[in-house]
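Here are my notes on this model, point by point. Please read them with the structure open.

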Amino acid sequence: PLGQDQDNQEFPFNFSTQKISIFNKISTTMIATGYKIECCMAFANFRQGDFKIELQRFGHRNMKMEDVYKMPWESLEGEIATWNQVVWHCTTVLFNAEQRLYDSIFPNQPSISQKLFGDLARYVIIRLLNFAQGAVLTKWSAEKLFKFLDMYETLREDIVGGSYLESCAKELAYETSTTKDMIIEAIVAMFCDLKTSIKNDNERIPVPNGAVHPLTRYVMNYLKYACEYKDTLEQVFEQ
């Protein structure tokens, strides 16, 4: 089947020069004979399927927003780490490869190539942003701060850049900005929650022999780790 050659596992799969030529002839013929819509729909469904397979290969699951925020934190931590990798891989590798593929198959139809790629990128990015928004809806606590800082740093990069996204750039920029704002709000609340946690700590019994109190040790370790995100935290609080 298309996309599954054993001798070529680079993404996008199974697109030798010969196969690109065949796809180009098919698309050119369909468009010239009045089947432009059918051609675009078939190709879009085909590429969307391949993209789903590639995201699954990286461990990213297609989950509804409500499934994300209902997920136990122990599981969500791993999903967030995977999400960061997937967003980076999409924006630095997969989208570039996909652009080249569309340009090769529709060399004389730049508007079609641009529209098809824009639709695919929009589908993927919105799906990734939905995951982030679902994660933000979970119950906030100081311990979750650092995973959310990682998500903010991922979205801080320009994930909707490129001329090929002109058709949906405004929408994606708005959705990305909204998601970042949600994450910022969560980060500030989590960081401030540390103060509440200290106030509500009930185990204030002196430690024998002058040892370091567990709460002191926890707070110092927390702040030490937070210092690794110093620049990001400053940027978050400024915004």
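1. Terms and ground rules. Contact means heavy atoms within 4.5 Å. With that cut-off, and leaving aside neighbours within four places in sequence, Glu79 is in contact with Gly59, Arg61, Met63, Met71 and Phe131. This is a predicted model: local features need pLDDT of at least 70, side-chain atom pairs count only at pLDDT 80 or more, and totals for chains, interfaces and linings use all residues. Residues are numbered from 1 along each chain as its sequence is written, and side-chain values use heavy atoms, with hydrogens and water left out.

2. Overall make-up. The protein chain has nine helices and zero strands. Helices (H or I, at least four residues) and strands (E, at least two) are DSSP runs, numbered from the N terminus. In order, the elements read α-α-α-α-α-α-α-α-α. Why call the protein chain more spread out than a compact globule? Its radius of gyration is 23 Å, well over the 18 Å that the globule rule gives for 239 residues, so the chain is more spread out than a compact globule. That radius is taken over C-alpha atoms, and the rule is 2.2 Å times the number of residues to the power 0.38. Along the principal axes, the C-alpha atoms fill a box of roughly 85 × 40 × 30 Å.

3. Of the 239 residues, 40% count as buried. Buried means under 20% relative accessible area, exposed over 50%, and partly exposed in between (1.4 Å probe, protein chains only). The accessible surface of the protein chain comes to about 13700 Å². Carbon and sulfur atoms hold 54% of that surface. Areas come from the Shrake-Rupley method with a 1.4 Å probe. Among contacts between residues at least 6 apart in sequence, 77% join residues at least 24 apart. The mean positions of the 25 positive and 31 negative charges are 2 Å apart. Lys and Arg count as positive, Asp and Glu as negative; His and the chain ends are not counted. Each charge is placed at NZ of Lys, CZ of Arg, CG of Asp or CD of Glu.

4. Helix α2. This helix covers residues 36-57. At 1.5 Å a residue, its 22 residues should span 32 Å, and the end C-alpha atoms are 32 Å apart, which agrees. The expected span is 1.5 Å times one less than the number of residues. Which residues of α2 are buried? They are Cys39, Cys40, Phe43, Phe46, Arg47, Asp50, Phe51, Glu54 and Leu55. Their cover includes α1 (17-32), α4 and α5 (110-136). After α2 comes Gly59, whose phi is positive, near 90 degrees.

5. Helix α4. His89 lies in this helix, residues 73-105. His89 is buried, at a relative accessible area of 13%. Not counting residues up to four places away in sequence, His89 touches Glu54, Phe58 and Leu94. Glu79 is also found in α4. Glu79 is buried, with a relative accessible area of 11%. Glu79 and His60 are 19 residues apart in sequence and 7.4 Å apart in space, C-alpha to C-alpha.

6. Two further sites. Phe23, in helix α1, counts as buried at 16% relative accessibility. Thr178 sits in helix α7, residues 169-199. Is Thr178 buried or partly exposed? Thr178 counts as partly exposed, at 25% relative accessibility. Thr178 and Gly134 are 44 residues apart in sequence and 13 Å apart in space, C-alpha to C-alpha.
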